[in-house]
Amino acid sequence: MKNTYDVIVIGLGIMGAAALWRVAAKCDRALGIDASGPTHCYGSSQGSSRIFRRAYWEGNKYLPLLQHADLLWQELEHLLQKQIIFRTRGIFIGPQSSRVVAGSIETARQGRIEHEIWTPSETKNVFPAFSIPEGMQTVHEPGAYAISAQVARLGMLDEALRRGATTEFGNTVVDIKNQGAEVLVTTRNSRSYRARAVVVTTGPWIASELMPELYGLLEPRRVPIYWFKPKIDSEKLFSRKRFPVFLYECPNGSILYGMPSIASDEPGVKIGFHNRQQSFARPDWKSFAVQDSSVKEITEAVEALFPKLERSPIKEKNCFYTMSPDESFLIGKSEALKSTYFASACSGHGFKFAPAIGDALANVAVGQQPFVSLSSFSAHRFNSTSRVF
């Protein structure tokens, strides 16, 4: 029947694109809907680059997802026949007892992930762009890499279309409700679609507009990111062949992250604070001005760590983090809606997991078991009424 689908995916950022890619091979009729265009820059999936690492200081509960995601990133690169993985290696720096160092070592050991522990001088010998003070320690993960984010996301959508999925951009979903054994999805232009299952991955908009049962568990935040240009005659130090993806935990607990340029539209070194400079932002916020005080703070931090970068950023802009109370993911099944599944609150570190989470959402949407358990990310941990798969 027209406008009837096996699965509808709402929100085609990286999580939704991954879910649509994976579900398109599992059912006959799949539809993806997004309120904006394919390359819009209002959500959390914008930009050209992201970090992938498995020596994960955030904890070993992420290891099964990371392992599966790593395999699927490689599968996607093979399918697209274009490079989306840039094997830069990765280093994670901080005081020996810091979360970034101690946590990375613990996860690497438990996951049997190849790694080395370096002194500041050993780090500088391999990656001379870094100026690391004595007393710091470096965890080197040879298998870490940068992902060509926009190319990968659009590639997922292309693969979904190739496998028979349909997409509709520029049309906002305004209502989801039960209708008999199915789910009825209604859009802003009064179109209605029915589905056996629905996947909702609308990021900062999810609780305020479509999944009120998640209200109070999510907070959209505005977070600035910056690009810095190497000084004259220092360009090679920051090339993707000589400059790794990195995390740097300052003595005050601030965490910097960054990566080399892997795309022409991001010409400098991309650097930001992971756990600073966050401010509440409404989901409909579209102001992209970064405050002068934030620019001053990042400039001082970058100048100390990278003396061969120009002092001021050549570009800055804001993006979204959708945060949960414990900075981990919210993934589960709706209590209010039949056969409706959600993934949100990536809390600023979810992009790398997208293929694995999308694959899990696709499996449960068609009645199969996911390859990786997502029970650790249930909203039940906050005494919510939302169910885990």
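User: How many aromatic pairs does the structure hold?
Analyst: First, this is a predicted model, where local features need pLDDT of at least 70, side-chain atom pairs count only at pLDDT 80 or more, and totals for chains, interfaces and linings use all residues. Residues are numbered from 1 along each chain as its sequence is written, and side-chain values use heavy atoms, leaving out hydrogens and water. Rings of Phe, Tyr and Trp (its six-membered ring) pair if their centres lie within 6.5 Å; planes under 30 degrees apart are stacked, over 60 edge-to-face, the rest tilted. By that rule, the aromatic pairs number 20.

User: Which kind of pair do F130 and F306 make?
Analyst: F130 sits in the loop between α4 and β7, and F306 in the loop between α7 and β18, 176 residues apart. Their ring centres are 4.8 Å apart with planes at 65°, so the pair is edge-to-face.

User: Which residue forms a salt bridge with D6?
Analyst: A salt bridge here puts a side-chain nitrogen of Lys or Arg within 4 Å of a carboxyl oxygen of Asp or Glu, and the structure holds 14 of them. The closest N and O atoms are 3.4 Å apart, and the partner is R196.

User: How much area do domain 1 and domain 2 bury between them?
Analyst: The domain bounds come from an automatic or database assignment, and the C-alpha centres of the two domains lie 30 Å apart. Buried area is the accessible area (1.4 Å probe) that two parts lose on being put together, summed over both. Carbon and sulfur atoms carry 59% of it, and the total is about 1200 Å².

User: Which residues of domain 1 lose the most area to domain 2?
Analyst: Across this interface the rule finds zero salt bridges. Together, three residues make up 40% of what the domain 1 side buries: Y42, Q46 and P204.

Note on methods: Helix = DSSP H or I, 4+ residues; strand = E, 2+ residues; numbered from the N terminus.
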